[in-house]
Amino acid sequence: MILFGLHQLSGIGWKRISRLVEHFPDLQMLLDASAGELMRIGLPAEAAEAIAQKLKEDHILSCWERYIGRGIQIMTVFDPDYPPLLRELPQPPWVLYGIGNLAVLNEALVAMVGTRVPTAYGVRVTEQLAGDLARCGIGIVSGLARG
């Protein structure tokens, strides 16, 4: 849950989490880490302060319960069910959020990436392609970017 808690903090992205995982093999230790200790491993003061002040068990649990209450499942890169192919990426997502059957993440998937301002033709072709792939049993993945 600590990894999820870090993921909820503003200004704490992939590289900072990576640095923390490298220096704190037991992430539970972060709950007691001071801002000074975090700055000594290379975190900027603002990020170190955010972790020291906001990464608390009650805050993490409160965030967790909000997601779970809305039917959102949470999976971290350390969970055994984390998709193995994602784990092979140079920068795998630390945390995945999903609704529904997350086991489909281990099946055949295609990511569809498009433009923020598609043409009518682009929308029509994308819908047709996604539909055809889904009917063949291939899952369609979206990063949920705006557009």
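## Close-up views of a predicted model

**View 1. Arg 16 touches Gly 11, Pro 44 and Ala 47, leaving out residues up to four places away in sequence.** Contact here means heavy atoms within 4.5 Å. This is a predicted model, in which local features need pLDDT of at least 70 and side-chain atom pairs count only at pLDDT 80 or more, while totals for chains, interfaces and linings use all residues. Residues are numbered from 1 along each chain as its sequence is written, and side-chain values use heavy atoms, with hydrogens and water left out. Arg 16 belongs to helix 2; helices (H or I, at least four residues) and strands (E, at least two) are DSSP runs numbered from the N terminus. With a relative accessible area of 32%, Arg 16 is partly exposed. The cut-offs are under 20% for buried and over 50% for exposed, with partly exposed in between (1.4 Å probe, protein chains only).

**View 2. Helix 4 and its buried residues.** Within helix 4 (residues 45–54), the buried residues are Ala 47, Ala 48, Ala 50, Ile 51 and Ala 52. You can follow them to three packing partners: helix 1 (2–7), helix 2 (14–23) and helix 3 (35–40).

**View 3. Thr 76 in strand 1 (residues 73–76).** Is this residue buried or exposed? Thr 76 is buried, with a relative accessible area of 10%. Setting aside neighbours within four places in sequence, look for its contacts with Leu 3, Tyr 82, Trp 94 and Val 95.

**View 4. The salt bridge between Asp 132 and Arg 135.** The structure holds one salt bridge, meaning a side-chain nitrogen of Lys or Arg within 4 Å of a carboxyl oxygen of Asp or Glu. In this pair, the closest N and O atoms are 2.7 Å apart. Both residues sit in helix 7 (residues 120–135), three residues apart, or about one turn of the helix. An α-helix has 3.6 residues a turn, so residues three or four places apart point the same way. Asp 132 is partly exposed at 33% relative accessibility, whereas Arg 135 is exposed at 62%.

**View 5. Gly 137, in the loop between helix 7 and strand 4.** Gly 137 is exposed, with a relative accessible area of 51%. Ala 108 lies 29 residues from Gly 137 in sequence, with 7.7 Å between their C-alpha atoms.

**View 6. The largest pocket, with a volume of about 750 Å³.** On a 1 Å grid over the protein atoms alone, a pocket is an open set of points where a 1.4 Å probe fits, with protein on both sides within 12 Å along at least five of seven lines; lining residues have an atom within 4 Å of a point. Grid points are joined across faces, edges and corners, and the volume is the space filled by probe spheres set on them. Of the 25 lining residues, Leu 96, Tyr 97, Leu 105, Val 141 and Ser 142 lie nearest the centre. Helix 6 (84–87), strand 2 (95–98) and strand 4 (139–141) are the elements giving two or more residues to the lining. Strand 2 gives the most, with four.
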